[in-house]
Amino acid sequence: MVGFLSVILYSFTDYRIAILSWADPYQPLLGIVVGIVGVGLIVVNKFMSKPREEPAS
């Protein structure tokens, strides 16, 4: 979310997120990449996590 938010803020406002302020020269590409990596990690986590087994009753 931070990556996509930084792209939006960089494009439409003068506000910069402090944690990504070092990346201003690389915006908006780096923000998009950070956002895609974040979404990818969420998707991988969903597919890799096992469903919890119900206890036998």
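This text walks through the structure shown above, from its overall build to a few single residues.

The model is predicted. Start with the elements. The protein holds two helices and zero strands. Helix α1 covers residues 2-12. Helix α2 covers residues 29-48.

Now look at how much is hidden. The protein has 57 residues, and 18% of them count as buried. Its accessible surface is about 5,100 Å². Carbon and sulfur atoms make up 70% of that surface. Next, consider contacts between residues at least 6 apart in sequence. Of these, 39% join residues at least 24 apart.

Turn to helix α1. Which of its residues are buried? They are Gly3, Ser6, Val7 and Leu9. The cover over these buried residues includes α2. An α-helix has 3.6 residues a turn, so residues three or four places apart point the same way. Keep that rule in mind while tracing the buried positions along α1.

Ile8 also sits in helix α1. Is Ile8 buried or partly exposed? Its relative accessible area is 47%. Buried means under 20%, and exposed means over 50%. Ile8 therefore counts as partly exposed, because its 47% lies between those cut-offs. Ile8 can also be placed against Pro28. The two are 20 residues apart in sequence. In space, their C-alpha atoms are 8.5 Å apart.

Now move to the surface. Phe4, Ile32, Ile36, Val39, Val43 and Phe47 form a nonpolar patch there. Together they have about 560 Å² of accessible area. Which helix gives the most to this patch? Helix α2 does, with five residues. Val43 is one of the patch residues, and it lies in helix α2. Its relative accessibility is 39%, so Val43 counts as partly exposed.

Finally, look inside. How many cavities of 30 Å³ or more does a search of the whole structure find? The search finds one. The largest cavity holds about 50 Å³ of space. Ten residues line this cavity. The closest to its centre are Ser6, Arg16, Ile17, Asp24 and Gln27.

Methods
Residues are numbered from 1 along each chain as its sequence is written. This is a predicted model: local features need pLDDT of at least 70, side-chain atom pairs count only at pLDDT 80 or more; totals for chains, interfaces and linings use all residues. Side-chain values use heavy atoms; hydrogens and water are left out. Helices (H or I, at least four residues) and strands (E, at least two) are DSSP runs, numbered from the N terminus. Buried means under 20% relative accessible area, exposed over 50%, partly exposed in between (1.4 Å probe, protein chains only). Contact means heavy atoms within 4.5 Å. Accessible areas come from the Shrake-Rupley method with a 1.4 Å probe; for residues, only the protein chains shown count as cover. Patches are made of residues with over 30% relative accessible area and no salt bridge: like charges are joined within 9 Å, nonpolar side chains (Val, Leu, Ile, Met, Phe, Trp, Tyr) within 5 Å. A salt bridge is a side-chain nitrogen of Lys or Arg within 4 Å of a carboxyl oxygen of Asp or Glu. On a 1 Å grid over the protein atoms alone, a cavity is a set of points where a 1.4 Å probe fits but cannot get out, and a pocket is an open set with protein on both sides within 12 Å along at least five of seven lines; lining residues have an atom within 4 Å of a point. Grid points are joined across faces, edges and corners, and a volume is the space filled by probe spheres set on the points.
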